[in-house]
Amino acid sequence: MKLGILVNKDKNLDHIIGITEAAAGKGHEVAIFAMDEGVRLLREPGFAGLHKIQDVAVSFCDHSTHVFGVSKDGLPEEILCGSQYNNAVMNHDSDRVIIL
Amino acid sequence: MSTEIKADKVLDVKGLVCPRPMVMTMNTLKAMDKGQVIHVIANDSSTKHSIPALCERAGYKLVETKEEGGTFTFIIQK
Amino acid sequence: MDSKKIAVIVRDRQAEAFRMSVGLTILEDTIDLFLCRPLKAEEEVLAQLEGVKELDLKVFATFQGAGLEHLTAEDMAERLLDYDHILPY
């Protein structure tokens with residue numbers, strides 16, 4: 001199974017980490033896409049480190065980083081600076097999608 | 001634009017922000033015939049990665065891509 | 001992979017909900033919108049709604065008078081059972 005997590009707020013970091021770790025721990029693939037206020041979490045080490053977990057992919061909406069003034073400096077290159085295209089891919093390819 | 005490749009269509013999406021450039025590119029390509037070529041001009045930085053990724057997924061050939069002064073150009077063959 | 005059927009429930013952050021809905025069409029999935037609160041008379045909201053209209057996406061409203069197809073909350077709940085993903089925004 002593949003789980004998609006759409007992160008559009010910056011309030012739920014603990015849940016995002018917990019659910020990602022639990023799903024990956026059970027052998028599920030996880031795709032995370034951050035947009036809107038959610039891109040603020042890119043500056044949180046706990047969020048920016050999620051890509052290190054096996055079968056976890058992280059991408060974000062570049063446009064939202066401009067809107068919210070979030071710096072992309074120093075982000076790991078494994079975190080894909082993308083667009084709503086990446087959200088479309090996540091929704092298309094995931095068996096379940098949750099929003100946090 | 002490449003002088004060797006003649007585009008059947010030119011799509012200028014400068015001034016449009018994510019996701020409009022990708023949606024318009026995809027919808028234009030859908031309406032084109034196989035083998036036809038489109039020249040996309042954008043200035044939204046999100047196109048830099050997304051248009052090549054979209055081409056790869058859809059099986060379109062990205063013939064050429066260029067970035068100059070904040071303007072991105074893509075030549076895509078359906 | 002077959003196309004997905006996705007419902008976007010538009011609540012507070014309407015401009016971003018509309019922008020996201022437009023983006024979700026890129027891979028030819030079916031995107032329907034359910035507006036649960038009156039449209040905000042904000043420039044960005046109306047601009048993003050234009051993008052939704054250009055793509056002829058279905059927009060339902062659970063209230064009357066928005067010039068959109070009206071659904072009761074019960075009708076909406078019943079319809080939502082048909083979707084692969086439901087994205088409240």
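Predicted model: local features only at pLDDT ≥ 70, side-chain atom pairs only at ≥ 80, totals over all residues.
## Two interfaces on chain A

E37(A) and R13(C) form a salt bridge, with their closest N and O atoms 3.9 Å apart. Chain C and chain A bury about 1,700 Å² between them, while the figure for chain B and chain A is about 880 Å².

**Chain C against chain A**

- The contact involves 18 residues of chain C and 22 residues of chain A.
- On the chain C side, R13(C), R19(C) and L27(C) lose the most area to chain A, together accounting for 33% of what that side buries.
- Carbon and sulfur atoms give 57% of the area buried between these two chains.
- There are two salt bridges between chain C and chain A, along with nine residue pairs in polar contact.
- Helix 1 (14-24) and strand 5 (85-88) of chain C each give two or more residues to the side that touches chain A, and helix 1 gives the most, with five residues.
- By class, that side of chain C has nine nonpolar, three polar and six charged residues.

**Chain B against chain A**

- Here 11 residues from chain B meet 13 residues from chain A.
- Carbon and sulfur atoms carry 61% of the buried area.
- One salt bridge is found across this interface: R57(B) pairs with D93(A), the closest N and O atoms being 2.8 Å apart.
- Five residue pairs are in polar contact across the interface.
- Helix 2 (residues 47-58) gives the most to the chain B side, with five residues.
- That side of chain B divides into six nonpolar, four polar and one charged residue.

Notes:
Residues numbered from 1 in each chain as written. Chains lettered and ligands numbered in written order. Heavy atoms only, no water. Contact = heavy atoms within 4.5 Å. Buried area = accessible area lost by both parts, 1.4 Å probe. Salt bridge = Lys/Arg side-chain N within 4 Å of Asp/Glu carboxyl O. Polar contact = N/O pair within 3.5 Å; in protein donor to acceptor, adjacent residues only side chain to side chain. Helix = DSSP H or I, 4+ residues; strand = E, 2+ residues; numbered from the N terminus. Nonpolar A, V, L, I, M, F, W, Y, C, P; charged D, E, K, R; others polar.
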